[in-house]
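Please go through the structure below with this briefing at hand. The points are grouped by topic.

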Amino acid sequence: MRLFVSEGAPGSLPVLAAAGRARGRAELLISTVGPEECVVPFLTRPKVPVLQLDSGNYLFSTSAICRYLFLLSGWEQDDLTNQWLEWEATELQPALSAALYYLVVQGKKGDDVLGPVRRALTHIDHSLSRQNCPFLAGETESLADIVLWGALYPLLQDPAYFPEELSALHSWFQTLSTQEPCQQAVETVLKQQGVLALRPYLQKQPQPSAPEGKTVSNEPEEEELSTLSEEDIAMAVTAWEKGLRGLPPPRPQQNPVLPVAGERNVLITSALPYVNNVPHLGNIIGCVLSADVFARYSRLRQWNTLYLCGTDEYGTATETKAMDEGLTPQEICDKYHVIHADIYRWFNISFDIFGRTTTPQQTKITQDIFQRLLARGFVLQDSVEQLRCERCARFLADRFVEGVCPFCGYEEARGDQCDKCGKLINAIELKKPLCKVCRSSPVVKSSQHLFLDLPKLEKRVEEWLERTLPGSDWTPNARFIIRSWLRDGLKPRCITRDLKWGTPVPLEGFESKVFYVWFDATIGYLSITANYTDQWEKWWKNPEQVELYQFMAKDNVPFHGIVFPCSALGAEDNYTLVSHLIATEYLNYEDGKFSKSRGVGVFGDMAQDTGIPADIWRFYLLYIRPEGQDSAFSWTDMLLKNNSELLNNLGNFINRAGMFVSKFFGGYVPEMVLTPDDQRLLAHVTQELRHYHQLLEKVRIRDALRSILTISRHGNQYIQVNEPWKQIKGSEADRQRAGTVTGVAVNIAALLSVMLQPYMPTVSATIQTQLQLPPPACNILVTDFLCTLPAGHQIGTVSPLFQKLENDQIESLRQRFGGGQLEESLELKVKPSPKPAVVETVTAAGPQQIQVLMEEVTKQGNIVRELKAQKADKNLVAAEVAKLLDLKKQLALAEGKPLEAPKGKKKK
């Protein structure tokens with residue numbers, strides 16, 4: 001036999017490693033050929049690797065060559081290996097080809113490269129973790145290991161593209177990479193050039209497309225039932241028989257909740273939402289709902305847990321909103337804090353504290369941290385060129401300036417960004433700038449500001465990260481964002497603003513300034529806790545005893561992972577820093593983005609008006625949680641998931657289990673005599689329960705939800721196979737069998753009610769009421785499947801848990817939230833008057849009327865900008881522009897100004 005390989009050809013790696021294993025079993029000549037050499041006479045294009053058999057036949061599929069060489073070495077085929085090879089060909093290779101092409105040919109880096117393969121790498125890691133074996137198909141190395149190792153090696157040999165959290169994958173990869181046949185294969189193919197050795201080969205390949213559907217799919221992969229040992233089954237039966245005795249005593253309740261020495265003390269925060277906006281579904285899943293699931297899970301585990309959040313109330317955005325609505329900033333904060341609290345209450349978010357940042361404690365703690373930083377030399381002073389409105393007698397924050405974009409000429413560009421071309425702008429670069437408050441022209445003047453000296457703190461934060469990241473559950477995107485900030489080097493950041501609404505700066509010469517919101521917003525967690533208990537320092541100055549989990553969308557990572565840690569480390573006051581930073585990607589709405597002004601998407605205050613219960617919203621948002629990549633809310637998909645996963649799977653199983661108890665056994669759980677098949681089911685349920693725990697301990701919230709649905713599917717299948725409704729009509733043995741199946745099924749339903757509690761708390765409580773689950777079992781979740789409803793236990797009245805969502809209902813909601821509410825909203829907010837007749841004399845209106853009209857112009861201008869930025873339908877844009885022009889005419893009349901002739905093209 002003769003094996004043809006080529007330097008720089010990825011497929012050569014696994015075949016050379018397999019050839020090393022087969023050495024001595026057959027005569028094999030290995031020839032290294034050029035990438036352009038045709039070694040298979042009937043192929044028109046060069047192809048390597050190739051195995052020429054003694055019969056004269058050729059094998060030129062990598063996996064086929066490896067299989068042949070493994071068979072020569074005495075290896076016996078098995079189904080699990082075949083499944084892995086099929087998965088490698090259909091799932092891994094398309095993703096890996098895209099990643100390598102982006103890296104080697106296009107020169108991309110970071111998540112652009114890792115994104116296509118992250119899902120596949122996670123799948124391998126999960127499989128290795130679940131079966132608790134060193135290799136993919138068991139205790140010994142198999143064909144699957146060599147084929148997958150050879151495919152992955154060019155990418156994973158660079159630590160930058162090996163996710164640190166995939167520890168099982170890392171161990172497997174290292175084990176194979178240190179074997180002599182694998183090392184020799186690497187030397188032959190990559191020639192110490194690493195992945196760059198593949199460039200000549202990859203440059204000749206067509207550009208691969210990303211694996212179809214993977215980037216937008218909300219579907220998890222299905223997995224086969226894993227194998228069970230006799231020991232697994234015996235242990236599951238032993239645990240089952242303990243029943244309620246297998247539960248630990250409940251933790252005593254504390255008020256306030258404070259850390260306890262010797263216990264696991266878990267402090268959980270959700271990123272503080274801006275008070276001036278109503279949160280949409282993406283905001284809710286990214287911060288508060290994800291954190292709520294973990295907080296509820298922590299309490300089920302009896303960890304000592306404190307979960308807090310609150311509204312972020314200071315800053316320019318609040319002043320702008322106050323001006324728009326004709327209220328004071330405090331009135332805006334009071335109004336919207338209530339709106340936020342009501343929304344989260346409806347979504348059943350289980351905060352221990354929901355506070356706010358406009359408190360005396362916020363001022364005290366922020367100023368203390370600042371003073372400590374100042375005293376230790378971590379604060380700089382410098383002058384900044386800014387626009388100042390002489391009429392308003394103040395420097396203008398970016399959002400208070402409007403003018404002509406210096407890049408594209410758009411006439412209504414903001415002081416921080418142009419909505420038309422999207423480019424970031426420094427306010428002093430605007431042409432013809434105007435103050436949005438009084439419409440006068442500001443002047444450029446210099447203003448003294450304070451800066452946090454991040455470069456001086458860089459080494460401290462790097463050392464802290466080196467201690468924190470290994471073994472932690474920081475999400476991959478958070479790790480990547482932090483690395484990129486540090487790689488580029490930290491820069492001093494301004495921590496003061498020329499505003500009135502904010503935390504005052506306690507320094508002579510800066511009395512008219514406040515702290516920049518990004519500096520003091522994260523300190524809000526501390527002040528909110530201080531409003532909850534005067535012993536707040538037991539949580540926030542106790543890093544030895546407290547684990548801090550912080551939940552947010554990825555745009556908040558730098559402030560929580562770099563800026564606040566720098567401030568806290570510089571203050572040198574033993575602050576508790578984040579142990580696990582959990583960041584989601586973004587949730588989109590159907591084919592676009594959420595937009596309040598365009599009436600697109602579901603916002604928190606609207607969800608309760610849809611008639612769909614809060615738990616259904618929770619379930620679907622968590623089912624599509626953007627954990628590793630962006631995901632999208634889809635009305636059609638929500639209907640499908642409700643009707644299939646909830647109604648037909650979960651709800652169907654729990655209802656049937658309870659109804660069988662009521663109908664066949666008078667509402668009392670029957671005696672259970674377990675057969676080997678029943679015992680095997682207990683072990684499978686236990687295994688899935690433990691996987692649920694493993695995932696939630698790693699804050700893999702979406703994937704853990706899948707374990708609940710998997711157990712429910714096991715239960716449905718168990719009922720379907722055993723047919724208790726038929727057995728109950730048969731012999732005494734048949735009736736006993738019906739009793740066992742019903743008893744096991746209703747106990748699975750009881751387990752599911754507790755597992756569901758973090759995700760669907762109302763449904764969970766409903767199930768527990770229907771089953772009359774004993775109180776000790778309702779709020780504690782151990783790692784074993786216990787018989788919590790013993791024979792003789794009386795259940796309550798059973799009724800359906802879920803309702804079907806109908807196509808007409810969903811289509812109506814899709815229309816309503818696809819921009820349908822915009823017209824209604826505008827009719828309420830903007831009522832343009834009829835076009836004025838010829839005006840002989842112009843009389844100015846009163847100041848109050850002028851202020852109202854200015855606000856309406858500002859609002860309508862924002863609507864037009866949003867529509868243009870989103871490239872909305874031209875007719876819709878034209879209609880809104882017409883309203884804006886009409887409002888401007890009304891404002892001009894009110895101010896006593898003559899109307900300008902309409903601008904347009906001159907006729908020739």
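The model is a predicted one. A search of the whole structure finds 33 aromatic pairs. Two of them are described here, followed by the other topics.

**Aromatic pairs**

- Phe162 and Phe173 form an edge-to-face pair, with ring centres 5.5 Å apart and 75° between the planes.
- Phe162 lies in the loop between helix H5 (143–156) and helix H6 (167–177), while Phe173 is in helix H6, so this pair ties together parts that are 11 residues apart in sequence.
- Phe162 is buried, with a relative accessible area of 8%.
- Phe173 is buried as well, with a relative accessible area of 3%.
- Tyr297 and Tyr692 also make an edge-to-face pair, at 6.1 Å centre to centre and with 75° between the planes.
- Because Tyr297 lies in helix H10 (residues 281–300) and Tyr692 in helix H23 (residues 676–697), the pair ties together parts that are 395 residues apart in sequence.
- Both Tyr297 and Tyr692 are buried.
- Tyr297 and Tyr692 belong to a cluster linked by ring pairs, whose other members are Phe294, Trp303, Tyr549 and Phe551.

**Charges over rings**

- Arg388 places its charged end over the ring of Phe395, at 5.3 Å from the ring centre.
- The ring of Tyr516 has the charged end of Arg497 over it, 4.4 Å from the ring centre.

**Sheet of four strands**

- An open sheet is formed by four strands in the order S9-S8-S13-S14, with antiparallel pairing.
- Strand S9 (394–395) and strand S14 (493–494) are at the edges and have a single partner strand each, so one side of each lacks a neighbour in the sheet.
- Strand S13 (residues 443–452) and S14 run antiparallel and are joined by two bridges.
- Phe451 has Cys494, in S14, as its bridge partner.

**Sheet of three strands**

- A further open sheet has three strands in the order S11-S10-S12, and the pairing is antiparallel.
- Its edge strands are strand S11 (413–414) and strand S12 (431–435), each of which pairs on one side only.
- Three bridges connect strand S10 (residues 401–404) with S12 in the antiparallel sense.
- Val404 has Lys431, in S12, as its bridge partner.

- Glu458 is in helix H14 (residues 454–468).
- Not counting residues up to four places away in sequence, Glu458 touches Leu486, Gly489 and Leu490.

**Helix H27 and its surroundings**

- Helix H27 (residues 761–771) has buried residues at Pro761, Val763, Ser764, Ile767, Gln768, Gln770 and Leu771.
- Which helices do the buried residues of H27 pack against? They pack against H10, helix H21 (614–623), helix H22 (635–665), helix H26 (732–755) and helix H28 (775–778).
- H10, one of these partners, is also the helix that holds Tyr297.

Terms used. Residues are numbered from 1 along each chain as its sequence is written. This is a predicted model: local features need pLDDT of at least 70, side-chain atom pairs count only at pLDDT 80 or more; totals for chains, interfaces and linings use all residues. Side-chain values use heavy atoms; hydrogens and water are left out. Rings of Phe, Tyr and Trp (its six-membered ring) pair if their centres lie within 6.5 Å; planes under 30 degrees apart count as stacked, over 60 as edge-to-face and the rest as tilted. Buried means under 20% relative accessible area, exposed over 50%, partly exposed in between (1.4 Å probe, protein chains only). A charge sits over a ring if NZ of Lys or CZ of Arg is within 6 Å of the ring centre and within 35 degrees of the ring normal. Two strands pair if DSSP finds at least two bridges between them. Contact means heavy atoms within 4.5 Å.
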